[in-house]
Amino acid sequence: MTHLTEARHHLTRELLPFWTARCRDMVNGGFITHFDKNGNDSGEDEKSLIAQTRCLYTFASAHRAGYGDGELAEFARHGADYLLSRMWDEEHGGFYWMTNRRGEVVNDQKIVYGQSFAIYSLSEYTLATGDPRGLEYASRTFDLLQKHAADTQYGGYFEMFWRDWTLKGPGPAGGDRKTLDVHMHLMEAYTTLYEASRLPLHRRKLQEVIGILLNKVLHPEYGTGIPQFWADWRVAPQIKFDVIWGWDRFTEDGVKREAEDNTSYGHNTEFAWLLLHALETLGMPLDDYREALRKPLEHAADFGIDEEYGGVFVEGSHAGTVYDREKEFWQQAEALIGFLDGYRLFGDEKYMHAYDRVHRFVFDKMINRPVGEWWPLMTRQGEPIWTHMSHSWKINYHTVRSMVQSIRRLEQLAARSIPAARS
């Protein structure tokens with residue numbers, strides 16, 4: 001089968017059916033997001049902001065892309081109802097970080113990572129369904145970030161707040177740090193917000209966060225992403241926060257190995273395609289950003305691809321040394337989109353080769369075929385290390401989005417290769 005045929009089959013016959021068959025909570029609202037290796041509910045009593053918003057985004061975006069015959073719009077509406085009725089803070093504004101399954105708040109902190117996904121998913125929801133509530137609450141959340149989180153001295157955004165938007169303390173509390181992750185996802189969120197609203201303010205703030213990423217977050221020589229910074233944008237050792245996202249591997253003291261010289265191949269490919277999408281949404285000239293787009297993609301293609309076993313490694317140094325040769329699901333997902341964009345934009349066969357190496361690893365090893373979702377973490381050779389199909393940090397956002405976006409790009413490339421019909 002071709003890449004395109006495999007991707008279409010996986011998305012429509014395996015991946016989306018996995019989620020539509022089991023994730024909608026018809027008793028308490030929202031989505032059940034914790035499933036074991038067999039696709040069974042593993043029973044964790046939590047509904048996190050990040051998992052609820054990512055599920056909402058997934059169903060809204062897949063519906064908008066033309067999948068599901070209308071069913072996915074109903075799933076999205078179901079998720080929006082829960083998000084707005086149970087996770088929005090009526091007193092202080094913004095979304096709580098965590099509820100239990102019944103919808104009772106168990107962590108009321110305001111974490112900008114989660115707020116960014118609320119903006120992203122709710123904007124996508126309005127674009128997909130026309131429900132004005134999505135854009136209304138996305139805009140309200142955006143306004144709260146400008147009021148409480150924007151750093152008017154050094155630029156960018158603080159990221160960790162208590163319920164009333166009081167900045168948290170230093171160190172693991174995270175109040176003195178800024179991250180690539182949050183600012184990249186704010187670019188992603190503001191792109192979709194601007195697409196939905198077309199407001200000049202949303203456009204300006206999107207351009208502003210792009211400037212922060214290009215001028216502060218990317219390595220000045222290699223163009224690769226630097227994970228963590230102090231408030232004034234000096235590079236900071238990468239530490240584990242009290243409220244974490246993802247399951248990155250840290251030492252016992254909570255500081256990552258090679259903390260000031262590591263870059264993620266997944267983040268670099270994800271950043272590149274999200275930047276390209278933002279520029280296209282803004283109508284900006286791509287020629288002005290070619291190096292910013294090329295460098296992180298080239299770094300991932302040159303150093304991150306496993307030529308022996310396929311797939312993309314986790315991370316390495318900015319200069320090229322690979323540190324972590326395991327294979328994470330989300331890095332494979334983002335690399336698929338990024339490398340296709342690299343090939344579309346630059347026409348260099350190295351990107352199509354890199355795409356093929358990741359595609360084959362995913363389709364031959366990473367998909368848990370009996371249930372249809374992806375293994376979260378594998379050895380370099382492709383043996384599962386972690387075996388859950390979903391929890392708050394491993395959800396459908398990366399996998400479904402990767403297939404929707406890859407199919408779109410593969411279709412465009414296929415159309416390019418068809419000679420024009422003669423009259």
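The model is predicted, so to speak on its own terms: local features need pLDDT of at least 70 and side-chain atom pairs count only at pLDDT 80 or more, while totals for chains, interfaces and linings use all residues. Residues are numbered from 1 along each chain as its sequence is written, and side-chain values use heavy atoms, with hydrogens and water left out.

The second largest pocket holds about 340 Å³ of space. A pocket here is an open set of points on a 1 Å grid over the protein atoms alone, where a 1.4 Å probe fits, with protein on both sides within 12 Å along at least five of seven lines. Its volume is the space filled by probe spheres set on the points, which are joined across faces, edges and corners. Two or more lining residues come from each of helix 2 (49-64), helix 4 (112-129), helix 6 (180-197), helix 8 (265-282), helix 10 (329-346) and helix 12 (396-416); helices are DSSP runs of H or I, at least four residues, numbered from the N terminus. Helix 12 gives the most, with 6 residues. By class, the lining has 10 charged residues, 6 nonpolar and 5 polar (Ala, Val, Leu, Ile, Met, Phe, Trp, Tyr, Cys and Pro are nonpolar, Asp, Glu, Lys and Arg charged, and the others, Gly among them, polar).

Next, the helix pairs. The axes of helix 6 and helix 8 come within 10 Å and cross at roughly 25 degrees; axes are lines fitted to C-alpha atoms over the stretch in contact, and angles run from 0 to 180 degrees between N-to-C directions. That makes helix 6 roughly parallel to helix 8 (under 35 degrees; over 145 is roughly antiparallel, 65 to 115 roughly perpendicular and the rest oblique). Helix 6 passes helix 8 in a left-handed crossing, meaning the near helix is turned anticlockwise from the far one by less than a right angle. Residues in contact (heavy atoms within 4.5 Å) include Met184 and Glu188 of helix 6 and Phe271 and His277 of helix 8. This contact has 9 nonpolar, 5 polar and 4 charged residues.

Helix 8 also packs with helix 12, their axes coming within 14 Å and crossing at roughly 55 degrees. The two are therefore oblique to each other, and the crossing is left-handed. Here Glu270, Trp273 and Leu274 in helix 8 meet Tyr397, His398, Arg401, Gln405 and Arg409 in helix 12.

Finally, helix 1 (residues 3-20) and helix 11 (residues 349-366) pack at about 40 degrees, with axes 12 Å apart. That makes helix 1 oblique to helix 11.

Methods: On a 1 Å grid over the protein atoms alone, a cavity is a set of points where a 1.4 Å probe fits but cannot get out, and a pocket is an open set with protein on both sides within 12 Å along at least five of seven lines; lining residues have an atom within 4 Å of a point.
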